[in-house]
Each structure stands twice: as structure tokens, then as C-alpha cells.
Amino acid sequence: MFRWKTSSQTEQEHNETALREAKMKELKALIGQLSGRSSLYCSDACLKRYLEARNWNVGKAKRMLEETLKWRSTFKPEEIQWNEVSGEGETGKVYKAGFHDRHGRTVLILRPGLQNTKSLENQMKHLVYLIENAILNLPEDQEQMSWLIDFTDWSMSTSVPVKSARETINILQNHYPERLAVAFLYNPPRIFEAFWKIVKYFIDAKTFVKVKFVYPKNPESVELMSTFFDEENLPTEFGGKALLQYNYEEFSKQMNQDDVKTANFWGLGHSNNNQLHVSNGFSGAEIAPEPIQTHP
């Protein structure tokens, strides 16, 4: 009985793999011949993410991918440079952390209480820039990033408008499908509940399950977070032991270095000899220098 069950499971897995490979080929055929940046973007890993996001429905994945290619052709995320969004980054409201989670994923830290601008267009441009940068710096064996959201100094008066939150969700789940591994919302105040009741309706089912609330006095939520992060690396703001200092000048230097790597990958410039490897769906590079991190 045990052998029969194992054999049956193996056959089922084989059939599932074959079916998915067939769907990949079908999606490729439907998209047709691509050129330029679209061809570079639509790697096999990329197509797989879009199929996964649409439960392997080829027609829906095709429409989703076509919408992204249309969005990328107008938004041009790969052309954004740090000097265009650096004003948004002065307070460190969103930035790439100097540590990874236990799976080696790039970590983005979001601190909505440090919002310093009013322009939705510039805020989205800044966020997209950092998402692209997070992907650029993923290890070869990773395609996803983790988000840590710190609610220090957050209030209804400093919170982002619902319109901004909706656009953030739209960009993340529709144009970067399966790029988010998990988003931890750490110790949000009670008044956040009213905001969340509105925002959560914009989140699709696949993204919704990746959103985790963590409260210091709730052992289960703290334990869940510890499965993703080593407390020695985790900043004190998130219940860890590390003191993470956002240094705007140092971070700007890192982003300027990464701008060169991004330009090289997309064929936008050849200003140095950094070697890139194609991975993580569409891009990859050596890990950039990390922000200063100290321990008490």
C-alpha cells in the first residue's frame, strides 16, 4: 500500500509538472515574438509568476502580462534613477534594509509615519524604484522580497491617503506578481483598524494571505516573525536586537551604484564593467554594499 501511494504521488507530480510546462509553452506562443526590454523582462521565471498569480489560467495570465508590459512601456520603471526620487528618500520612509530574511530575500522597510511629501506620482515612482532595486539585489535562487512595516509615529493625520494605498497595492499585485513573500505589519495602533477595513478590500486573495500582523504581546505572531528573521539582524523597532540606522548619504551612494548596474542590464548605459547575471525573473547583480548596522 505504501509503495502504491508513493508511486501514485510521483505520477501525479509528474503529470502536474508536464501540465505546467505545457501551459508555459502555450503562454509563450500566445504572447508571440517580443523584442527589446519586453523580451528581457519575459523570462521563463517571469511567465511562471504570472501563471501562478492567475492559478495557471493561461488566458488570464496573458491578459495580466500584457497589462504589465503596457504599464512598463509608459511608466518605464527601469529608467528611473535615484536622483529623480532622492527627495522622497530623505526620511527613510521606504528603503532597502542591510540584512536579509532567513531565506536570503531582500527586505524593504516601510515607515509610513515618516511620510514627507504630497505628490502621489512621485511617491509611486519612489516605491517602484525601490521594488526594482530590491529585485536587482536578490540572490540567484530567490525571486521574492519581504516587507517590514514599522508604525512608529503613525497616525491618521500622517497616514497615506487611501488612494495612495490602493495604487501601491495595484502596482505590487498586478505588475509584480509573486514578488512579495510576506509583509509584516508590526504593532499597528488601534486606530489603524479603520484604515485597514477600507484598504483590505483592494487586496487579492493571494496577496492577502501574505500580510501578517505582529504584536509584541502576542507570542504566536512574534513566533511567526522569528521563523522569517533572525533577531540578531532584526531592528529593535521590530522586536529584534539590532540598531539599524538609516543614513541618507550612504544609502544614496548605494543607489547610485545600483543605477549603473540597472542601466547595464537593460542596455541603457555601459559606464562600468560590472558583470550581471540574468536571474530572479529578469535581473540580477552582485549584492550592493549594505547600510550601516550595529548591535547594542
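Trainee: Which residues does E88 touch, not counting residues up to four places away in sequence?

Mentor: This is a predicted model, in which local features need pLDDT of at least 70 and side-chain atom pairs count only at pLDDT 80 or more, while totals for chains, interfaces and linings use all residues. Residues are numbered from 1 along each chain as its sequence is written, and side-chain values use heavy atoms, with hydrogens and water left out. Contact means heavy atoms within 4.5 Å. With that sequence limit, E88 touches K93, Q115, N116, T117, S119, N122, Q123 and H126.

Trainee: Is E88 buried or exposed?

Mentor: E88 lies in the loop between α5 (82-85) and β1 (94-100); helices (H or I, at least four residues) and strands (E, at least two) are DSSP runs numbered from the N terminus. Buried means under 20% relative accessible area, exposed over 50% and partly exposed in between, with a 1.4 Å probe and protein chains only. Because its relative accessible area is 5%, E88 is buried.

Trainee: How much space lies in the largest cavity?

Mentor: A cavity is a set of points on a 1 Å grid over the protein atoms alone where a 1.4 Å probe fits but cannot get out. Points are joined across faces, edges and corners, and a volume is the space filled by probe spheres set on them. The search finds five cavities of 30 Å³ or more, and the space in the largest cavity is about 650 Å³.

Trainee: Which element gives the most to the lining of the largest cavity?

Mentor: Lining residues have an atom within 4 Å of a point. The largest cavity has 31 of them, with L110, W147, I149, V160 and T168 nearest its centre. With five residues, the element giving the most is α7.

Terms used. 1 Å grid on protein atoms, 1.4 Å probe; cavity = no way out; pocket = protein on both sides within 12 Å on 5 of 7 lines; lining within 4 Å.
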